[in-house]
Amino acid sequence: MILRAFLLVLIAAAASGVVQAQQYRWVDQNGKTQFSDSPPPPGAKDVRRTNITTAKPAPAQQPFEVARLQKDFPVTLYTSPPCKEGCELARGALNKRGVPFKEVQVFDPDTNEELKRVSGALEVPTLLVGRSVQRGFEQGAFDALLDSAGYPKAGILPPLTQAAPSPPEGYVPAAARDAGQSAAQPVKPDVQPKAGPYDSSGVSGPPPKPGQYDPSGLTGPPPKPGKYGLPAETK
């Protein structure tokens, strides 16, 4: 009965997150008082033992507002195993902002059909916030979608470290191509610089006109006899 009661106390303490540790106090051979969590050495004097109760730190909880947003406007990121650059940028943007999200890999007819149903196309990455959709990664569009749902701005929530999932079981790209099945196509992220005042690609105009140093096409009277021209007639 005593053993059973002791076990029940231990179980209750573990369930409540409470940890008990023993602390020793003694006087060493030099007359100094020592403290430790291990038994004192032989010859210690005035040994005293006490139990110290400490509580385990509670796991970090999500803010109530974020939990409510997850329920009303869940965030889902659709990717595919072949998608690298764009999907990594999309995943990194969500992690940096600290927004919890679910990642769905599109690789078979069922996931293709799901992506087509929610977004109307087979393109990855695709971000779904509630019922709002963004196809392809574009930082401004991602932020606007999350802002409209009410998620905290970047820098307010601690960043996440959600990694890319492993390729799903049964994923065989070659078999899908051989069978002629349509698959989600990676969309190149919109991170290329646009044409500016120093981008001369595609600029055309008239050919340069003859100028001071371009004598082609110039005509004039023949040189007159002179000191440095044609030799003068001799009489």
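Analyst: Let's begin with the bond between Cys83 and Cys87: the torsion about their S-S bond is about 110 degrees, so this disulfide is right-handed. Before going further, bear in mind that this is a predicted model, where local features need pLDDT of at least 70, side-chain atom pairs count only at pLDDT 80 or more, and totals for chains, interfaces and linings use all residues. Residues are numbered from 1 along each chain as its sequence is written, and side-chain values use heavy atoms, with hydrogens and water left out.

Back to the cysteines. The sulfur atoms of Cys83 and Cys87 sit 2.0 Å apart, and a disulfide here is a pair of cysteine sulfur atoms within 2.5 Å. By that rule the count is 1 disulfide. Cys83 counts as buried at 7% relative accessibility, and Cys87 is buried too, at 0%. For reference, buried means under 20% relative accessible area, exposed over 50%, and partly exposed in between (1.4 Å probe, protein chains only).

Now the wider setting. The protein has 6 helices and 9 strands; these are DSSP runs numbered from the N terminus, with helices being H or I of at least four residues and strands being E of at least two. Of its 235 residues, 26% are buried. Among contacts with a separation of 6 or more, 64% come from residues 24 or more positions apart, a contact being heavy atoms within 4.5 Å.

Charged pairs come next. The whole structure holds 7 salt bridges, each a side-chain nitrogen of Lys or Arg within 4 Å of a carboxyl oxygen of Asp or Glu. Arg68 takes part in one with Glu65 (2.4 Å, N to O) and in another with Asp72 (3.1 Å, N to O). Arg68 and Glu65 are 3 residues apart in helix 2 (residues 64-72), about one helical turn, while Arg68 and Asp72 are 4 residues apart in helix 2, again about one turn. An α-helix has 3.6 residues a turn, so residues three or four places apart point the same way. Arg68 is partly exposed at 33%, as are Glu65 at 37% and Asp72 at 40%.

A further salt bridge joins Arg97 and Asp147 (2.5 Å, N to O). This one links distant parts of the chain, 50 residues apart, with Arg97 in helix 3 (residues 85-97) and Asp147 in helix 5 (residues 139-149). Arg97 is buried at 3%, whereas Asp147 is partly exposed at 30%. Through shared partners, salt bridges tie Arg97, Asp143, Asp147 and Lys153 into one network.

Finally, helix 4 (residues 109-119). Its buried residues are Thr111, Asn112, Leu115 and Ser119. Looking down the axis of helix 4, they fall within an arc of 105 degrees, so they line one face of the helix; the arc is that of the directions from the helix axis to the C-beta atoms. Turned away from that buried side, the other face of helix 4 carries the exposed Pro109, Asp110, Glu113 and Arg117. Cover for the buried residues of helix 4 includes strand 4 (75-79), strand 5 (102-105), strand 6 (123-124), strand 7 (126-129) and strand 8 (132-135). Just after helix 4, Gly120 takes a positive phi of about 85 degrees.
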